[in-house]
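The following note sets out points for a colleague who is reading this model at the level of individual residues. Please read them beside the sequence and the coordinates.

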Amino acid sequence: MLIIAIAFAGFLALGVPVVFVLGASAVLALLTTTDVPVAIVSQRVFAGLNTFTLMAIPFFVFAGVIMDAGGISRRIVAFASALIGWIVGSLYQVSCVAAAGLAAISGSGSADTAAISAIMQPQLRRRRYDVDFGAALIACAGSLAQVIPPSLTMVIMAVVSNVSIGALFIAGIVPGFLCILLLMVCAYYFSRKGGDTYRETEPFTMSRLLKTGWAALPAAGMPFLILGGILGGAFTPTEAAAVSAFYGLLVGVFVYRELKPSQLPVLILRTVSLSAAVMLIIGTASVFSWLIANANVPQILGEWLNSVSSSPIVFLLIVNLLLLVVGMFMETIAAILILVPVLAPIATQLGIDPIHFALVVVMNFAIGTVTPPYGVSLFVSSSVAGRTVMQVTRKLGLPLAAMFVVLLAVTYLPGLSLLLPRAFGLIE
């Protein structure tokens, strides 16, 4: 175990990509501490990928790529502007609502952050809004694509922790929209203190709302199709991913007509590239997780946690602190694949519902995407805004506090995450 830890930390310190860190440290530990043939590595990589549920990943990625290229972002923002553009700090409010709308379509936090930033930042500058606060707010709102279904992170989490994807999807709805609501409250508070600049709003008209709503309706149909099909038993979550990809193709080509057949090869290649990166991490992490399991790390960690306290409350507090720190330095999928197989069995032993625990993990890593130094959503938002990460980080306190409030609520009020899955009969 010591060899694994030293190799892992050493490779990370050298700046080696996480996917290679996982594989290299596992192989090094295998060669130096066991007599197991190296051929086991390829077998474990294949075993880690040999899961039907993982087929959902390339389909959901393709659906997000298709919908983004088909003009969805612009229509979602237009509808959000018509809906809440009359509130103080209107551009901030629109950014939050639009991020929630895109999260329910693409499932990718960095993609949502980039799309919303590209549309909203020029308007923020034109109306003399605080660009740094806007970038921080958009980064936090965009990160919620991990929490609001359909979410690629939730697919990975469900596979690793062996829970229902459909139940986890439904569990994320209430916490996700609570985060958006609190971010809007933060934006309102910041704008009220900011003076007359933020009181320039757009008048509400029903005709504009209906017009933009009608234009955004085909895009809004995707999350309803996915969740409705899963809850209605029409198809499995994996099949829902394929249906969403086909639906996105139809909308982009035949409804909005902004997606040309000539663009498909490029979009398919982008999908393959993104999916392959995720799959490679999953494959190498399965070798790493197998070695950790053979080293009895889950049992050792479980005994240590029990020696500290057998209280679920204390355990969840320790888990939150651990995941928040890990999320600052490590890519989400890799962190899930390494830590969840160790922590999930302990949570089950302490009587914590698996769906509840899975959502706590997802919430922590969503926050991790906006906390430096890793903070991929923070980097994307800062880059598009033309600001440095440090400049944006100075304005991150208020929106990040809102996400921490929801994290604490989700952690210690299980009903927030379990209410809808129980209502739909997905869990007992």
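1. Serine 151. This residue has a relative accessibility of 0% and therefore counts as buried (buried is under 20% relative accessible area, exposed is over 50% and partly exposed lies in between, with a 1.4 Å probe and protein chains only). Serine 151 is placed in the loop between H8 and helix H9 (152-161); helices (H or I, at least four residues) are DSSP runs, numbered from the N terminus. Its side chain reaches the backbone oxygen of glutamine 146 at 2.8 Å and the backbone nitrogen of threonine 153 at 3.3 Å. A polar contact here is a pair of N or O atoms within 3.5 Å; within protein, one must be able to donate a hydrogen and the other to accept it, and residues adjacent in sequence count only if both atoms are side-chain atoms.

2. Basis of the values. This is a predicted model, in which local features need pLDDT of at least 70 and side-chain atom pairs count only at pLDDT 80 or more, while totals for chains, interfaces and linings use all residues. Residues are numbered from 1 along each chain as its sequence is written, and side-chain values use heavy atoms, with hydrogens and water left out.

3. Aromatic pairs. Phenylalanine 133 and phenylalanine 190 form a stacked pair, at 3.9 Å centre to centre and 5 degrees between the planes.

4. The aromatic cluster. Tyr92, Tyr129, Phe133 and Phe190 make up one aromatic cluster. Tyrosine 92 and phenylalanine 190 are buried, and phenylalanine 133 is buried as well.

5. Helix H11. At 1.5 Å a residue, the 21 residues of H11 should span 30 Å, and the end C-alpha atoms are 31 Å apart, which agrees; the expected span is 1.5 Å times one less than the number of residues. Among the buried residues of H11 are Gly176, Cys179, Ile180, Leu183, Met184, Ala187 and Phe190. An α-helix has 3.6 residues a turn, so residues three or four places apart point the same way. Leucine 178, also in H11, is partly exposed, with a relative accessible area of 29%. Leucine 178 touches Val406 and Leu416, not counting residues up to four places away in sequence (contact means heavy atoms within 4.5 Å).

6. Helix H5. This helix (residues 72-84) has 13 residues and reaches 18 Å from its first C-alpha to its last, close to the 18 Å expected. Its buried residues include Ile72, Arg75, Ile76, Ala80 and Ile84. Arginine 75 lies over the face of tyrosine 256, at 3.8 Å from the ring centre; a charge sits over a ring if NZ of Lys or CZ of Arg is within 6 Å of the ring centre and within 35 degrees of the ring normal.

7. The nonpolar core. Which residues touch the most other members of the largest nonpolar core? Of its 146 residues, they are Ile57, Ile156, Leu168, Ile282, Phe315 and Phe357. Such a core is a set of buried Ala, Val, Leu, Ile, Met, Phe, Trp, Tyr and Cys residues joined through side-chain atoms within 4.5 Å. Helix H17 (residues 332-349) supplies the largest share, 13 residues. Isoleucine 57 touches residues including Leu152, Ile156, Val278 and Ile282.

8. Positive phi. Most residues other than glycine have a negative phi. Arginine 128 has a positive phi of about 60 degrees; it is in the loop between helix H7 (109-126) and H8 and, at 63% relative accessibility, counts as exposed. Arginine 257 has a positive phi near 55 degrees; it is in the loop between helix H13 (237-255) and helix H14 (264-294) and, at 61%, also counts as exposed.

Notes: Rings of Phe, Tyr and Trp (its six-membered ring) pair if their centres lie within 6.5 Å; planes under 30 degrees apart count as stacked, over 60 as edge-to-face and the rest as tilted. Helices (H or I, at least four residues) and strands (E, at least two) are DSSP runs, numbered from the N terminus.
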